[in-house]
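Hi,

Here is the structure I said I would pass on to you.

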Amino acid sequence: MTLKINGNDIYDNHGRWLKTIACPKKVKLSDLEANSQNNFSCQFCEKTIHDTDFMSENEVENLIKEKPTVCLSINLKNPIFERLE
Amino acid sequence: MIMEKLTVTSRIFGKLFKSWRNGSSTLEDDQSESFKNKIDSAPEINPDVLNAHDDFQLHESAPEPIKKKSSYQFQRKCISAGIPEKLGNTKDLPVVQTVFNPHELNKAIEAGFKTIVVKRKSNPQFKLESMLLRNIKSGEYNQVTGRSMPVQYARTLEYPEDEWELIHKVTGYARPSSLISNWGAYVLPKDIKVGDRVYIDELIEDIVACAFWYTVYPADDAEAIWNGEYLEIDHAPYGRFNRIG
């Protein structure tokens with residue numbers, strides 16, 4: 001099972017839209033500080049950004065369903081994501 | 001206004017960087033006097049002052065401010081190198097050619113091109129380190145970062161000494177071509193102006209495009225800004241390998 005990435009949109013394994021990845025502050029990876037919980041702290045809006053490098057496909061999908069406005073960091077080299085573009 | 005700002009930037013950089021002519025290269029010594037006048041001085045970056053200019057602000061109307069730092073400040077040692085990543089010339093920018101031998105460099109100079117000789121410096125992020133272990137009972141081999149190795153999905157793999165024997169400490173470099181020759185030269189487009197954004201099809205410098213866990217992916221090409229002295233690599237385009245939001 002993989003999550004699909006098309007542009008900035010994430011879809012589940014069945015093609016159902018989950019979330020659009022778009023930071024209104026246009027935060028970059030180099031702007032973030034890693035914290036001890038394998039996440040990042042964002043200094044711009046003080047939210048936690050979940051590092052999906054440490055998560056399974058199910059964990060990512062469940063987290064988005066539970067908290068649709070959650071912030072994620074996605075590495076496109078991560079094999080749990082399949083790029084459609 | 002932008003040009004004025006960039007000129008100021010050039011002056012700042014002029015103070016921050018040591019002249020290539022004072023460096024250790026002997027390339028220039030071999031050139032004829034006429035070539036000496038044509039070869040531009042390429043700076044050697046002094047890492048102590050790399051970020052000293054971060055406070056400098058480009059004019060508001062600058063369309064694409066250059067990003068000077070790599071996105072990847074990873075702390076893990078990498079085990080392997082991925083296939084070099086190509087950005088492609090998606091913006092149809094003027095193309096900078098790259099040469100790696102004096103013959104082609106001289107030909108470019110004779111043809112009237114401005115050139116920059118660049119000394120390749122090793123990038124610590126490209127140093128690969130690991131241990132080759134063998135399971136004492138089964139004979140199975142594994143290449144790991146340590147006896148305790150965090151991996152994806154928040155797991156940690158353990159390789160205790162009484163179960164896994166060390167066969168070799170493994171070292172490597174993620175961009176082996178850099179070890180073959182430590183210099184190259186950029187051939188600039190003839191009509192290039194200070195502040196122009198260009199596309200470098202074959203990058204000389206060792207730059208990380210992206211990384212995932214224990215694999216680092218070197219950049220194969222780049223976008224850069226000509227500042228009148230050298231090409232400033234823009235790291236922003238490598239951000240395409242990540243999404244945040």
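First, some ground rules. Residues are counted from 1 along each chain as its sequence is written, while chains get letters from A and ligands get numbers from 1 in the order in which they are written. This is a predicted model, and local features need pLDDT of at least 70, side-chain atom pairs count only at pLDDT 80 or more, and totals for chains, interfaces and linings use all residues.

**How confident is the prediction?**

The model scores ipTM 0.90 and pTM 0.72. pLDDT is the predictor's confidence in each residue, on a scale from 0 to 100. For chain B its mean is 77, with 70% of the residues reaching 70 or more. Within chain B, helix α1 (residues 2–16) has the lowest confidence, at a mean of 39, and strand β11 (residues 197–200) the highest, at 98. Please be careful with residues 1–62 of chain B, where pLDDT stays under 50.

Chain B has four helices and 16 strands. Two residues are in contact if their C-beta atoms, placed from the backbone, lie within 7 Å. Of the contacts in chain B with a separation of 6 or more, 77% are between residues 24 or more positions apart.

Strands of a sheet pair through backbone hydrogen bonds, either parallel or antiparallel. Two strands count as paired if DSSP finds at least two bridges between them. One open sheet in chain B has three strands in the order β6-β5-β9, with antiparallel pairing. Its edge strands are β6 and β9 of chain B, each pairing on one side only. From one strand to the next, the twist averages 25°; the axes behind such angles are lines fitted to C-alpha atoms (for helices over the stretch in contact), and angles run from 0 to 180 degrees between N-to-C directions.

Strand β5 (residues 127–135) of chain B is joined to strand β9 (residues 164–173) of chain B by nine bridges, and Leu128(B) has Gly172(B) as its bridge partner there. Look for Met131(B) with its bridge partner Val144(B), and for Leu132(B) opposite Gln143(B). The hairpin of β5(B) and β6(B) has five residues between the strands, and Gly139(B) in that hairpin takes a positive phi near 85°.

**The sheet in chain A**

Chain A has an open sheet of four strands, ordered β3-β2-β1-β8, and its pairing is mixed. Which strands stand at the edges? They are β3 (17–20) and β8 (81–83) of chain A; each has a single partner strand, so one side of each is left without a neighbour in the sheet. Strand β2 (residues 9–11) of chain A runs antiparallel to β3(A), with three bridges between them, and Asp9(A) stands opposite Thr20(A).

**Where the chains meet**

How many residues of chain A are in contact with chain B? There are 20, and they touch 15 residues of chain B. Strand β7 (residues 71–75) of chain A gives the most to chain A's side, with four residues. β7(A) is also joined by three bridges to strand β16 (residues 242–244) of chain B, running antiparallel. There, Ser73(A) has Ile244(B) as its bridge partner.

**The cores**

A residue is buried if 20 or more other C-beta atoms lie within 10 Å of its own, exposed if 12 or fewer, and partly exposed in between, with C-beta atoms placed from the backbone. A nonpolar core is a set of buried Ala, Val, Leu, Ile, Met, Phe, Trp, Tyr and Cys residues joined through C-beta atoms within 7 Å. The largest one has 36 residues, and Val96(B), Ala209(B) and Leu231(B) are among those with the most contacts inside it. Strand β12 (residues 208–212) of chain B gives the most to this core, with four residues. Apart from it lies another core of nine residues, including Phe40(A) and Ile74(A).

Asp92(B) has a positive phi of about 55° although it is not a glycine. Asp92(B) counts as exposed because it has 7 other C-beta atoms within 10 Å.

Cheers

Conventions:
Helices (H or I, at least four residues) and strands (E, at least two) are DSSP runs, numbered from the N terminus.
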